[in-house]
Amino acid sequence: MSEADKGPLWARRLGATTPFTFPLPPSSSNLTELAAAVDRGIAAAQQRRPGASESGGAAGLDGGQLDVFIETRLSEGKDGTIVERMADGRTMLHDLAAARPESVIEVLQRGGGVVLHRPERVLDVVNRLVAAECVGDGVRVTATVVLGSVPDPSASPRASEQLVLSFDEGTIVEPTGQDPIELQVGVWSRVPAPSRIHAGPSSRTVVLNMLRFDAVERRQLVLARAACHPLLRIDAPTSFDDPAIPYGEPGPTDLVEHTRLGLRTVLDDVTDAELEWWWRLATELEPVPLSRHLTLPPLVRGRFPGGVGIIGIDGVQAEVSAGRNTFSLSLPVLEALPEFVSGATCATGDPRFTELAGATLAAGLAEPVAP
């Protein structure tokens, strides 16, 4: 069986020469060592997850770093949501960019709060913990920093569960429909989502909002994949009111019924496990803040949610996919990929890893390691 004949039916239909080829697991190309390395990488990331022995409680994130981040974001007035508690008990959400500094203070004093988004772009420790959760637990993570209280759970990103770390006494988390939980300072707590946070005006809380592959994500992924299916181009501009001639059909067709049939065809060609793997493989990680420089750090390790997908291999190079990125690797570099994916510490001075380190650091798929 040729490489193009392996894998799920819709991947075979696309073949290796079309722009819509879907990645397949390493095992589909008999890359057993790479497949085993992915499992080792997951196990290594699990040891770095919040609350694991290697992460050590707050995992090196101190209140001083958090204060600098909060003050900078508030002064810049960006990447934040103000959660205002009204006199009648309702809550209103406002963009931080449109708020006056004095109004933020008033909101905090009246029992509201500010949700600051994407701290992993600035805080090295949060960046690494987000990656450890994504790789080790197969989830997608949206990190936030909360100042004060969040009485409305809709202010937080959609999530299946949350990891919460309080830096101040008296912070209470109230999962929807469950009893409130008082957080222990400096200790990660895992709670169901969505939840409300009740705290003092100056209290600081770090929240990792973790999303697992569910029915909503499955539907969105199927629609995204279906748009590139050779028998179903549902992204093509057309009218749903009149008969149309979709790609591959001989004449006018009821487009709604055609779309339903096409989606059923897609689902017949792929299993839920394959869909979930594609979803994990497409997880995007923010580059480690300290890695945004021109000189490669001496030591790095890979962090690949979902592992690596194989698009194609010929006698010269391999096309692989990870984190919505496609990489062209020479065969010697492909041979070194298992060690890199496994989470082992790799020296960038080694020619086998120099190319990998440069490409993956920029894509968020690697992180520097202290000597």
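What share of the contacts in the protein chain with a separation of 6 or more comes from residues 24 or more positions apart?

1. Let me start with that question, keeping in mind that this is a predicted model. Residues 24 or more positions apart account for 69% of those contacts, counting pairs with a separation of 6 or more.

2. For the overall picture, the protein chain holds ten helices and 16 strands. Of its 371 residues, 49% are buried. The accessible surface is about 17,300 Å², and carbon and sulfur atoms contribute 54% of that.

3. Have a look at the open sheet built from three strands, in the order S7-S6-S9 with antiparallel pairing. Strands S7 (181-182) and S9 (195-198) sit at the edges, each pairing on one side only. Strand S6 (residues 172-175) runs antiparallel to S9, and four bridges join the two. If you want a residue pair to pick out, glutamate 174 has arginine 196 in S9 as its bridge partner.

4. Please also check the peptide bond between alanine 193 and proline 194: it is cis, with omega about 0°. Proline 194 belongs to the loop between strand S8 (189-192) and S9, and S9 is one of the edge strands from the previous point.

5. Asparagine 30 is not a glycine, yet its phi is positive, at about 60°. Asparagine 30 is found in the loop between helix H1 (9-14) and helix H2 (32-46). Is asparagine 30 buried or exposed? With a relative accessible area of 58%, asparagine 30 counts as exposed, because the cut-off for that class is over 50%.

6. The other is aspartate 79, whose phi is positive too, near 55°. Aspartate 79 lies in the loop between helix H3 (63-76) and strand S1 (80-85). Here the relative accessible area is 22%, so aspartate 79 is partly exposed; buried would require under 20%.

7. Just after H9 comes glycine 343, with a positive phi of about 90°.

Notes. Residues are numbered from 1 along each chain as its sequence is written. This is a predicted model: local features need pLDDT of at least 70, side-chain atom pairs count only at pLDDT 80 or more; totals for chains, interfaces and linings use all residues. Side-chain values use heavy atoms; hydrogens and water are left out. Two strands pair if DSSP finds at least two bridges between them. Buried means under 20% relative accessible area, exposed over 50%, partly exposed in between (1.4 Å probe, protein chains only). Contact means heavy atoms within 4.5 Å. Accessible areas come from the Shrake-Rupley method with a 1.4 Å probe; for residues, only the protein chains shown count as cover.
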